[in-house]
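Welcome! Take a look at the model below, and then let us walk through a few of its features together.

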Amino acid sequence: MLPLNAIPSEVIFRSLRPYQGFVLPIAYDLPRAHQGHLSSVYETVHRLTGDRVAELALDPAPIFKVFADLFGYDVARLREGDGECGVADHNWNLFGRGDRIPLFIRWRAFGGEAILALGGDNPYEIYLAALADRTMAPHVLKVLKVLDGLPHAQPGQTTEEIAGGRVAVLTRTKTQLTPWERTVLSTTVELYDEGCEGEADNLIEQLADLRYSANWRRSAAQVSQPGIINLSWHHRLLSHGEVPRGIRPDLDLDFQPKDQVPGSLLDHVRRSSFGDVMRVFESILHRDFITYDERVQRYLVEEGLYHPASFADHEQAERGGVLNHYINLPIRDFITRVGGYSQPKIPLRPCFSRDFRTTPAERLVGTAPCLELIGGNVRQGTDLLRRLIESTYAMTCAELADTGFKEQFKLPARVIVNDSLHAQRDTNDFGLKTFDLDRPYFAMHCGLPVLVDKTRIIWRKGMPQALACDYHVNVPYQSILYAALRQCPIPAGWESEIT
């Protein structure tokens, strides 16, 4: 078993073509002596450190046994998770910390690929989530059906006590729950078939493949109900920062017993399901990839030491407004406005991390446009925050578009100007540079941890510190993650490079 930060996200993004997402709620039995510690799971000894007060340990043996029974795998090799599973041309890799959650699985078999994660955003709601390509989707569905039908899993093994005040929890998984009443998925199937003597069987059969990709609800038939099954797709209103902003019904259809559900509609539900599962993956894994800066920021807010900008501080309020403008700008508008005067050849989907979205306004002080001498006239200068966000996006799109560009033969050239033109040069210009980070770090993007390894820095003469934007480019999914906005020192000699 490898650690979570060894998840090959870049490889998975390139090889896995998501077709359908699945979510199965997992229940567990907790010894009475340990129940008092459950509320402490995910808490830290100190909010500025990542040391946890308590951890939840789940024995995945019942889950592994289902895979072994269905596909002839070796349970011992599944536990090791080093790639071997006992069947030729099938690969099984585990990532985690022993029996602690979260647990991440990369499964390749039958010429396809699937990824699975066991865990949850809180210890009271644990899920087994999966994302599969078209080849693997039927096999993942088969596994979940068997797990859902188990009356009770076998008891797990006692875990070892860990130093530092952490509590090891003895558990056993219980998978007798059905997927009714889940709220983590966008699509809802309402069944009005109680007392209808099997009239809905035809429709349920057509929707059987979506059993773990949609919310299912069952109620008694109503005389006023227009159909025996209602299928609705509630699109989660998201900014491209991936922050839920509400839910609105986007698709609402009623079906009669003999109706045929269109295949394109089923594909529509599948596409929405893998977007849902990416968010479930992020909720399962994100706690293990919180940066120290983000932890400090949360600490200041929780202790009441951070006070958001008020209207009394006009500059901070204005800078915070500019940042929110980009975060909440619709994706299409972001691409057309930020990508240049025309849509870029390779448009990237912009995403903002939680750390980026909650950047303290005081960190942006000094980036507002100031009066400059331009062309002999005093005019409004450059907004450094806007230029940093926009240039990072435009530069990345241009670099991807020019990947196959062949370097042309060019002659060296320069422009010779006289002193009168020099007098009209800008007196307060800015500098802009891109670097590889000396200390890359992980952030969550598209449901998986990615390595943030690039930064773009902007500054102007007289600034005490430059403003840096850390980012990650996901080429297979054509997206860019704005990971963090931070201040950094201006190295000696940089100001002399401003022209």
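## Salt bridges across the chain

At 10% relative accessibility, Arg-270 counts as buried. This is a predicted model, and in it Arg-270 forms a salt bridge with Asp-209, their closest N and O atoms lying 4.0 Å apart. The pair links distant parts of the chain: Arg-270 sits in helix H6, while Asp-209 belongs to the loop between helix H5 and strand E9, 61 residues apart. Asp-209 is partly exposed, with a relative accessible area of 38%.

The whole structure has 17 salt bridges. One of them joins Glu-55 and Arg-100, with 3.9 Å between the closest N and O atoms. Glu-55 is buried at 5% relative accessible area, and Arg-100 is buried too, at 11%.

Lys-454 lies in strand E16 and Asp-436 in strand E15, so the pair ties together parts that are 18 residues apart in sequence.

## Two sides of helix H9

In helix H9, Phe-334, Ile-335 and Val-338 are buried. Seen down the helix axis, these buried residues fall within an arc of 100°, so they line one face of H9. Their packing partners are helix H8, strand E12, helix H11 and strand E18. Arg-332 and Arg-337 are exposed on the other side of H9.

## A nonpolar cavity

The structure holds one cavity of 30 Å³ or more. The lining of the largest cavity has eight nonpolar residues, with no polar and no charged ones; among them are Phe-13, Met-278 and Tyr-477.

Terms used. Residues numbered from 1 in each chain as written. Predicted model: local features only at pLDDT ≥ 70, side-chain atom pairs only at ≥ 80, totals over all residues. Heavy atoms only, no water. 1 Å grid on protein atoms, 1.4 Å probe; cavity = no way out; pocket = protein on both sides within 12 Å on 5 of 7 lines; lining within 4 Å. Points joined across faces, edges and corners; volume = space filled by probe spheres on them. Nonpolar A, V, L, I, M, F, W, Y, C, P; charged D, E, K, R; others polar. Buried < 20%, exposed > 50% of the residue type's maximum accessible area, 1.4 Å probe, protein only. Helix = DSSP H or I, 4+ residues; strand = E, 2+ residues; numbered from the N terminus. Arc of directions from axis to C-beta. Contact = heavy atoms within 4.5 Å. Salt bridge = Lys/Arg side-chain N within 4 Å of Asp/Glu carboxyl O.
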